[in-house]
Amino acid sequence: MKKEWTDEQLKKLFWQIEVAKKNNKNLLKTFEDFAKVNNKQKFSVRNYYYEKVKMFMQNKLLAQKFGINLSVHAKQNKIKFSQTDSKNLITEIEKQTAKGISVRKACYNLSNGDMNQMVRFQNRYRLEKKCNNIIKMPVTVAQQQLTESDVNSLFLGLLKLVKENAQKSAESKFKMEINETSNVLRKAIVNLEIKEKEMTNLNNEVKNLNKEKNQLITKIEQMRASSAIEISKKIGSSNLNKLKVFSQKTIKNNLQVD
């Protein structure tokens, strides 16, 4: 049977929470201590506290009536399950299931009738029991029924999404092909520039060789001319004439013999 809360209990709970926050104490321990003293369940106390915080935030005059400082409670975030909380939750649920109560009903009792909290407890229980069957909030009949217009809208939306994905895929493929072609062309240009530099170097080498060749020919001609001059100086002009006459006679005799 659900136990009613008195105004004094409400004030005392909020006062103890304020003290705990000021002293940086664990709120879960505060809920548990309050539950033991006032013969209530820890999870029920926690649910009641957050429910009243929400109510007071919507009705600040009522909060003032109870002498509650909302600035202390407004920033309170939802407390996550600790390892100890999960263990205590499973213990409380299994105490009730041992009496023939279903898990769902046990979670409902512990949540003090809060459906969202009930689902949260039930999911935590299933998770701790390593069950993948996570319970979701029930879907209403209105949510289950889809009109023909809704179906058509969903189909058109899906078709649009498929077209967009196909277009993006084609654009991505085209960009990849362009990048590959650009890389090949870039490499070809680099290779061409290297070949051009090699050809330029070869042409320069050929020019240098031709220049050296011409220089050697000129040098040889100069050496021949110098040698002829030196020989003529050594032989003298009279000897040259005698040599010339001797050569002419030799040639003439050879002709007569023939």
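Trainee: In which helix does L159 lie?

Mentor: The model is a predicted one. L159 belongs to a nonpolar surface patch that it forms with F155 and L156, about 310 Å² of accessible area together. The helix that holds L159 covers residues 148-235 and is α10.

Trainee: Is L159 buried, partly exposed or exposed?

Mentor: Buried requires under 20% relative accessible area and exposed requires over 50%. Because the relative accessibility of L159 is 36%, L159 counts as partly exposed.

Trainee: Which residues have the most contacts inside the largest nonpolar core?

Mentor: In soluble globular proteins, nonpolar side chains tend to be buried together. Here the largest nonpolar core has 20 residues, and α1 (7-22), α2 (27-37) and α3 (42-58) each supply at least two of its residues. Another core, of 13 residues, lies apart from it and includes F43 and V103. Within the largest core, the residues with the most contacts are L13, F31 and F56.

Trainee: Against which helices do the buried residues of α1 pack?

Mentor: The end C-alpha atoms of α1 are 23 Å apart, which agrees with the 22 Å that its 16 residues should span. Among the buried residues of α1 are L10, L13, F14 and I17. The buried residues of this helix pack against α2, α3 and α5 (70-73).

Trainee: What is the phi of N39, in the loop between α2 and α3?

Mentor: Most residues other than glycine have a negative phi. N39 is exposed, with a relative accessible area of 54%. Its phi is positive, in a residue other than glycine, and is near 60°.

Definitions and conventions. Residues are numbered from 1 along each chain as its sequence is written. This is a predicted model: local features need pLDDT of at least 70, side-chain atom pairs count only at pLDDT 80 or more; totals for chains, interfaces and linings use all residues. Side-chain values use heavy atoms; hydrogens and water are left out. A nonpolar core is a set of buried Ala, Val, Leu, Ile, Met, Phe, Trp, Tyr and Cys residues joined through side-chain atoms within 4.5 Å. Buried means under 20% relative accessible area, exposed over 50%, partly exposed in between (1.4 Å probe, protein chains only). Helices (H or I, at least four residues) and strands (E, at least two) are DSSP runs, numbered from the N terminus. Patches are made of residues with over 30% relative accessible area and no salt bridge: like charges are joined within 9 Å, nonpolar side chains (Val, Leu, Ile, Met, Phe, Trp, Tyr) within 5 Å. Accessible areas come from the Shrake-Rupley method with a 1.4 Å probe; for residues, only the protein chains shown count as cover. A salt bridge is a side-chain nitrogen of Lys or Arg within 4 Å of a carboxyl oxygen of Asp or Glu. The expected span of a helix is 1.5 Å times one less than its number of residues. Contact means heavy atoms within 4.5 Å.
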